[in-house]
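Hello,

Here is the structure I promised to pass on. My notes on it follow below, and I hope they are handy when you set up your own work.

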Amino acid sequence: MPTYDALKQLDPDIYAAVTGEMQRQIEGVELIPSENYISKAVMETMGSVFNNKYSEGYPGRRYYGGQTYADRVESIAIERAMRLFNAGHANVQPHAGAPANVATYFALLEPGDTVLGMDLSHGGHLTHGHPVTYLTRIFHFVHYKMKDVQTGEIDYDQMREVARREKPRMILAGFSAYPRELDYASMKSIAEEVGAYAVADMAHIAGLIAGQAARNPFDDGFDVILSTTHKSLRGPRGGLILSREADLGKKIDKAVFPGFQGGPIMQMVAAKAVAFKEALQPEFKEYARQIVVNAQRLAAHFIDNGATLITGGTDNHLLLIDCVRSWGIGGREAEELFDRIGVTLNKNVIADDPRKPMDPSGIRLGTPAVTSRGMKEAEMERLADFMLAAVARRDDEAALNDLHQEVKAFCKQYPLPGVG
């Protein structure tokens, strides 16, 4: 386990926060579907001397000298990303998922162009055109929704009608809170009909795609895939842009740098390369498969115990529970209740939610992190039982304290990756 001796001596306040967070993660259950645990190798790379190096530009075309090893690690990261996702081009420099999305808009669109993406309350993302973002001052966003919230079915005929009417320059497939798989072939067909780019934001399911537990949009002819490198991919926090064709990738390269951001964070680029190597190993496929199996068992156990799940289950790593219909409490109250017993998840809006975003009707939870700790189907039922017991005893402080101790004891059986 890391000791952080130098930090402890220099800055006891930050040392206390770092070690406190480490203890929280060791003793608690992480069910936020966008969070995961990195390996010790990835963590070591993130803290490497590459932090000290400026590397504006791309391998072989830098603005500063001393790039021998920076070029090497970025070239390795690019090659591994392309191999992992069967891409014709990869840009590994985006600092995060949102900058990757924005740079892609700038590469492929002109101000005023239309983007057709998923509505936020039906599972989309802020960068897919929510009015609170500055992107909506530059581009025109229209949205599609689920036709049937009970199953998650999307009306692709209606999507085609909207596309014919609005003439989008980009059709965006992707989500942050949608438990089903999208029909990429239908979306690509619609994009071809109206002359739009077909772009997939796979930030949440990149690990599932890399591990062949979810469909790769490139197999259905998509032009671009956007992603983060953490979440289910289990790498450092950062962004990634993949193109099916190299010529399109050149446009994206210019949009990333110098068009949108400065130099890459080289220690993160190196750590991405390490994570991509891990994801190329045969055991990663089993990990990705187990994520889905665990999510489906967790969903089934909640349903068997009377909970209402948006879309009635899951095909991927996450599930949404309507807390109001299930337990008569709001999402914020549920988040705080589960946090009280050491189970971390997040409040989340549900489709056309009548409640406000900071106190919505639902919660979002997922299985990438607990799967990284080695938990399987039986443990998913145990986790659900902890949560259901907390709901049943939510007014009993002593009972909640006892549950918290049970959760701590349970977690001790599953070592935290990256800190051993």
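Before the sheet, a word on terms: two strands pair if DSSP finds at least two bridges between them. Helices (H or I, at least four residues) and strands (E, at least two) are DSSP runs, numbered from the N terminus. Please keep in mind that this is a predicted model, in which local features need pLDDT of at least 70 and side-chain atom pairs count only at pLDDT 80 or more, while totals for chains, interfaces and linings use all residues. Residues are numbered from 1 along each chain as its sequence is written, and side-chain values use heavy atoms, with hydrogens and water left out.

**The sheet**

Seven strands make up an open sheet with mixed pairing, in the order E4-E12-E11-E10-E9-E5-E6. At its edges are strand E4 (89–91) and E6, each of which pairs on one side only. On average, neighbouring strands of this sheet are turned by 20° against each other, direction ignored; the axes behind such angles are lines fitted to C-alpha atoms, for helices over the stretch in contact, and angles run from 0 to 180 degrees between N-to-C directions. Strands of a sheet pair through backbone hydrogen bonds, either parallel or antiparallel. Strand E5 (residues 114–118) pairs with E6 in the parallel sense, over five bridges. Within that pairing, glycine 117 has histidine 143 in E6 as its bridge partner.

Serine 176 sits in the loop between strand E9 (170–174) and helix H7 (184–194). Its relative accessibility is 11%, so serine 176 counts as buried (buried means under 20% relative accessible area, exposed over 50%, partly exposed in between, with a 1.4 Å probe and protein chains only). Leaving aside residues up to four places away in sequence, serine 176 touches Gly123, Gly124, His125, His204, Leu318 and Arg364, where contact means heavy atoms within 4.5 Å.

**Backbone details**

Phenylalanine 257 and proline 258 are joined by a cis peptide bond, with omega about 10°, and proline 258 lies in helix H9 (residues 246–260). Threonine 311 is not a glycine, yet has a positive phi of about 70°. This threonine 311 belongs to the loop between helix H11 (282–304) and strand E13 (318–322) and, at 1% relative accessibility, counts as buried. Aspartate 352 is another non-glycine residue with a positive phi, near 50°. Aspartate 352 is in the loop between strand E15 (346–348) and strand E16 (362–366).

**Salt bridges**

With a salt bridge taken as a side-chain nitrogen of Lys or Arg within 4 Å of a carboxyl oxygen of Asp or Glu, the count comes to 20. One of them joins glutamate 27 and lysine 408, at 3.9 Å from N to O. That pair links distant parts of the chain, with glutamate 27 in helix H2 (residues 12–27) and lysine 408 in helix H16 (residues 397–411), 381 residues apart.

Aspartate 352 turns up again here: lysine 145 forms a salt bridge with aspartate 352, with the closest N and O atoms 3.0 Å apart. Lysine 145 lies in the loop between strand E6 (140–144) and strand E7 (146–148), and aspartate 352 in the loop between E15 and E16, so the pair ties together parts 207 residues apart in sequence. Lysine 145 is partly exposed at 37% relative accessibility, and aspartate 352 is partly exposed at 46%.

**Aromatic rings**

A search of the whole structure gives 13 aromatic pairs. Rings of Phe, Tyr and Trp (its six-membered ring) pair if their centres lie within 6.5 Å; planes under 30 degrees apart count as stacked, over 60 as edge-to-face and the rest as tilted. Among the pairs is the edge-to-face one of tyrosine 54 and tyrosine 64, with 5.8 Å centre to centre and 75° between the planes. Tyrosine 54 is exposed, at a relative accessible area of 53%, while tyrosine 64 is partly exposed at 42%. Tyrosine 184 and phenylalanine 222 have ring centres 5.5 Å apart and planes at 80°, so this pair is edge-to-face. Both tyrosine 184 and phenylalanine 222 are buried. One aromatic cluster is formed by Tyr105, Phe106, Phe139, Phe141 and Phe260.

Best wishes
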